[in-house]
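Take a walk through this model with the structure open beside you. We will stop at single residues, then at pairs, then at whole chains.

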Amino acid sequence: MPREPAGWLLAVARRRAIDRLRRAGTEWRKAPLLVVPEASEPAAPVPEDIPDERLRLLCTACHPALSREAQVALTLRVVGGLTTTEIARAFLVSEATMGQRISRAKRKIRDAAIPYTVPDADELPPRLAGVRAVIYLIFTEGHTASTGARLQRVELQYEAIRLATLLYDRLPTDAENAGLLALLLLTAARSPARWRRGRPVPLAEQDRGLWNADHVARGRALVAEQMSRPVVGPYLVQAAIAAVHAEAPSYAATDWRRIVGLYDVLIDATQDPVARLNRAVARMEQGDVAMALSDVEALAGTLAGFSHFHAAHGEILARLDRTADAAIALDIAIELTDNEPLRRQLVGRRAQL
Amino acid sequence: MRYLLLIAEEEGVRSGWSDEDQQADMARWFAYTNELQEAGAFVDGVALNESSTATTVRVEGGDTLTTDGPFAETKEVINGYYLIDVDDLDSAISWAARIPTIGAVEVRPVLEFDMPEGA
């Protein structure tokens, strides 16, 4: 009998579990990245010319029995092929923490027998919603860092677009897959213009000539093709909003009426307070400043802890020449952001009042 | 692969129910158990008496210490379980989702051992 029976029993049990899974023919041998312990890296990512395999990995990595954090990390690790070090750096956590997060997720997949499959048709829609949420989270993490000085981490954006492309290529009949891909393309298109001399450039001041024309064209084509559907989901509506911006020759020439109308659709579908905030900003730009103010003030209870809320509130107050109130709102916005470039931008706006 | 489906419900949640409601509830549980059996997934399952009847036993330094009540006093208590044998977690989750409980179900994979010979 070994000296440490508990550890030995666990080892036996794990071996048994793996044997049983193999016997069950759940194709575990085809999922090496998911069952190989983190310590035995590096393992080559699944080649891109096996899209079905990549889709299966993606569905497993985004399984709802895993935490959202683990889904994101595992997706980047096993589908994206990023190293643990790269993922840790992207999410501003220590390599040890990220390694543990990924190992724990892999262990759960193995020990709880999370199946390595694309779910059946009847279970697919809710599962795909989860997969899209993970991809979107990866993208937004790349688009705006939640903390710290790096505003854009292009590699995460790029990875998210690759994943969204995979989802759309494999499952094109789900309009939200097209919507997500279009949204990411149209948002990423602005990347070259979002940043100038260490400062973020707001949409209103961006040089649209710098926008990635190829991304814009692909995003707009997807939106045009999908918007005729009787029911459109939140990603597609957001993509349509981004497409309206992409079609406008300048910020001032934006079709704000259409943008407000699309936000109406989005809010009907999601009741999302951030969408309400964005609609208020669109109303302000449309010239409906008084209505924008009442819209925003109605959101005070829900979004009071959110820097963007106070920034928008401040901007609307400034347009109404309520300079003192605008300054207070911007001060709160400055206080609430931990994103250094955005903070500098707000300080700049405050000084212009 | 075996999974334990632990059923946690708020204590006394059925106490105000009419006889009719309680009978309908029982019928739902029997029907669910039947379904599990017919699918060949049922291994075992019990409902538990209320947690006020529980005794917690701990052995410390050779002494058996008993305390009145469950492990921890919480709003939700374990009211029963099913032990099922199915292919994978997705199947276990879909069975768990169909349990006619008004509480929540914790799905735990069973750790399987090979007992050494003579043990």
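Asp321(A) is exposed, because its relative accessible area is 64% and the cut-off for exposed is over 50%. Remember that the model is predicted. Asp321(A) sits in the loop between α16 (307-319) and α17 of chain A. Look at its backbone too. Its phi is near 60°, a positive value in a residue other than glycine. Why is that worth a remark? Most residues other than glycine have a negative phi.

Gln271(A) is another case. Its phi is positive as well, at about 55°, although Gln271(A) is not a glycine. This residue is also found in a loop, the one between α12 (256-270) and α13 (273-286) of chain A. Is Gln271(A) buried, partly exposed or exposed? It is partly exposed, because its relative accessible area is 47% and partly exposed covers the range between buried, under 20%, and exposed, over 50%.

Move along chain A to helix α17, which spans residues 323-336. Ile332(A) lies there. With a relative accessibility of 33%, Ile332(A) counts as partly exposed. It belongs to a nonpolar patch on the surface. The members of the patch are Ile328(A), Ile332(A) and Leu336(A). Together they have about 240 Å² of accessible area.

Now go inside. His245(A) is in helix α11, residues 234-247 of chain A. Its relative accessibility is 7%, so His245(A) counts as buried. What does His245(A) touch? Leaving out residues up to four places away in sequence, its partners are Arg190(A), Leu203(A), Arg208(A), Trp211(A), Thr254(A), Trp256(A) and Ile259(A).

Next come the charged pairs. Side chains of opposite charge can pair when their charged atoms come close. How many salt bridges does the structure hold over all chains? There are 25.

One of them joins the side chains of Arg170(A) and Asp52(A), with 2.9 Å from N to O. Arg170(A) lies in helix α8 (residues 154-170) and Asp52(A) in helix α3 (residues 51-61) of chain A, so this pair ties together parts that are 118 residues apart in sequence. Arg170(A) is partly exposed, at 35% relative accessible area. Asp52(A) is partly exposed too, at 45%.

Another salt bridge stays within one helix. The side chains of Arg344(A) and Glu340(A) meet at 3.8 Å, N to O. Both residues lie in helix α18 (residues 340-352) of chain A. They are four residues apart, about one turn of the helix. Arg344(A) is partly exposed, with a relative accessible area of 30%. Glu340(A) is partly exposed, also with 30%.

The side chains of Arg14(B) and Asp25(B) meet at 2.6 Å, N to O. This pair links distant parts of the chain, eleven residues apart. Arg14(B) is in the loop between β1 (2-10) and α1, and Asp25(B) is in helix α1. Asp25(B) is buried, with a relative accessible area of 5%. Salt bridges can also share partners: Glu285(A), Glu315(A), Arg319(A) and Arg349(A) are joined into one network in this way.

Stay with helix α1 of chain B, which covers residues 19-38. Met26(B) is in this helix. It counts as partly exposed, at 45% relative accessibility. Find Pro100(B), 74 residues apart from Met26(B) along the chain. The C-alpha atoms of the two are separated by 9.4 Å.

Back to the surface. Glu11(B), Glu50(B), Asp68(B) and Glu73(B) gather in a patch of negative charge. Glu73(B) is found in the loop between β4 (63-68) and β5 (76-85) of chain B. At 68% relative accessibility, it counts as exposed.

Finally, step back to the whole chains. Chain A has 353 residues, and 50% of them count as buried. It contains 18 helices and two strands.

Chain B has 119 residues, of which 29% are buried. It has two helices and six strands. What order do they follow from the N terminus on? The elements run β-α-β-β-β-β-α-β. Among contacts in chain B with a separation of 6 or more, 77% join residues 24 or more positions apart. For chain A, the share is 61%.

Note on methods: Residues are numbered from 1 along each chain as its sequence is written. Chains are lettered from A and ligands numbered from 1 in the order in which they are written. This is a predicted model: local features need pLDDT of at least 70, side-chain atom pairs count only at pLDDT 80 or more; totals for chains, interfaces and linings use all residues. Side-chain values use heavy atoms; hydrogens and water are left out. Patches are made of residues with over 30% relative accessible area and no salt bridge: like charges are joined within 9 Å, nonpolar side chains (Val, Leu, Ile, Met, Phe, Trp, Tyr) within 5 Å. Accessible areas come from the Shrake-Rupley method with a 1.4 Å probe; for residues, only the protein chains shown count as cover. A salt bridge is a side-chain nitrogen of Lys or Arg within 4 Å of a carboxyl oxygen of Asp or Glu. Lys and Arg count as positive and Asp and Glu as negative; His and the chain ends are not counted. The place of a charge is taken as NZ of Lys, CZ of Arg, CG of Asp or CD of Glu. Buried means under 20% relative accessible area, exposed over 50%, partly exposed in between (1.4 Å probe, protein chains only). Contact means heavy atoms within 4.5 Å.
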